[in-house]
Amino acid sequence: MTLATISERQFEIIEAAGKILSSSGVSGLTIKNLAQEMKFSESAIYRHFASKEEIVVAMLEYLAGNMDQRLSKVISGTRNPKENLEAIFLDQFAFFSKNPHFVVAVFSEGLMEASQKINDAIFRIMQVKIKHLMPVIMQGQQQGYFTNAITTEELVHIIMGSFRLQMFKWRIANFQLDIGRQGKNMLDAILTLIKN
């Protein structure tokens, strides 16, 4: 399922599933609870999705597509690599602060153990991020902004790991941290570590 193929009703179901995930966790996300949340019959949900797994996979695939579109627009040829790296992360923090249920979907332990399809969808999200980060970091190394003492691939892993940890902390703090401020502090620390 891509951004282009998702129907308006499927998107509403994904949003409602995200709301349940945020408030009740994986165990609370049932077709029955989803139907109650949406004031639908369970059969109406099943007309759009065959299972809870399919809903979560659709949510993650939507996130991957949305992220790909957003980051393609955020990265600009007129900015230097440091500014592009900042733009990527500020955009991500802004998006997730408005849509925390996507963080829940990516970081719910029970979901990852439940399904290879869900793991594959999470892996696709990581690939989208790498697709956008890799050229920015490589360009930054070539232009002398970022260190060459570490390979591009390892720098990308360090950056993504830091971002992931920040989002996980926000998630387990029940979204009570100021993710914009915390994220900016993390970004400043990363830029200090990787600068040439």
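This is a predicted model: local features need pLDDT of at least 70, side-chain atom pairs count only at pLDDT 80 or more; totals for chains, interfaces and linings use all residues.

Reader: Which residues of helix 5 and helix 8 meet?

Author: From helix 5 they are P81, N84, L85, I88, F89 and Q92; from helix 8 they are K129, H132, L133, V136, I137, Q139 and G140. Sorted by class, the contact of helix 5 with helix 8 holds 7 nonpolar, 5 polar and 1 charged residues.

Reader: How are helix 8 and helix 9 oriented to each other?

Author: Their axes lie 9 Å apart, at an angle of about 125 degrees. The pair is therefore oblique. Helix 8 and helix 9 make a right-handed crossing. On the helix 8 side the contact uses M126, K129, I130, L133, M134, I137, M138 and Q141. Helix 9 brings T152, E153, L155, V156, I159, M160 and F163. Here the classes are 11 nonpolar, 2 polar and 2 charged.

Reader: At what angle do helix 1 and helix 4 pack?

Author: Helix 1, residues 8-28, packs against helix 4 at about 105 degrees, and the axes are 10 Å apart. Angles of 65 to 115 degrees count as roughly perpendicular, so that is the label for helix 1 and helix 4.

Reader: Now the pockets. How is empty space found?

Author: A probe the size of a water molecule is rolled over the atoms, and this shows where empty space is left. In this model the largest pocket has a volume of about 260 Å³.

Reader: How many residues line the largest pocket, and which lie nearest its centre?

Author: The lining has 19 residues, and I125, M126, K129, F163 and R164 are those nearest the centre. Two or more lining residues come from each of helix 4 (52-74), helix 5 (81-98), helix 6 (100-107), helix 8 (116-142) and helix 9 (152-172).

Reader: Which helix gives the largest share of the lining?

Author: Helix 9, with 6 residues.

Reader: How does the lining of the largest pocket divide by class?

Author: It comprises 14 nonpolar, 3 polar and 2 charged residues.

Conventions. Residues are numbered from 1 along each chain as its sequence is written. Side-chain values use heavy atoms; hydrogens and water are left out. On a 1 Å grid over the protein atoms alone, a cavity is a set of points where a 1.4 Å probe fits but cannot get out, and a pocket is an open set with protein on both sides within 12 Å along at least five of seven lines; lining residues have an atom within 4 Å of a point. Grid points are joined across faces, edges and corners, and a volume is the space filled by probe spheres set on the points. Helices (H or I, at least four residues) and strands (E, at least two) are DSSP runs, numbered from the N terminus. Ala, Val, Leu, Ile, Met, Phe, Trp, Tyr, Cys and Pro count as nonpolar, Asp, Glu, Lys and Arg as charged, and the others, Gly among them, as polar. Axes are lines fitted to C-alpha atoms, for helices over the stretch in contact, and angles run from 0 to 180 degrees between N-to-C directions. Angles under 35 degrees count as roughly parallel, over 145 as roughly antiparallel, 65 to 115 as roughly perpendicular and the rest as oblique. A crossing is left-handed if the near helix is turned anticlockwise from the far one by less than a right angle, and right-handed if clockwise. Contact means heavy atoms within 4.5 Å.
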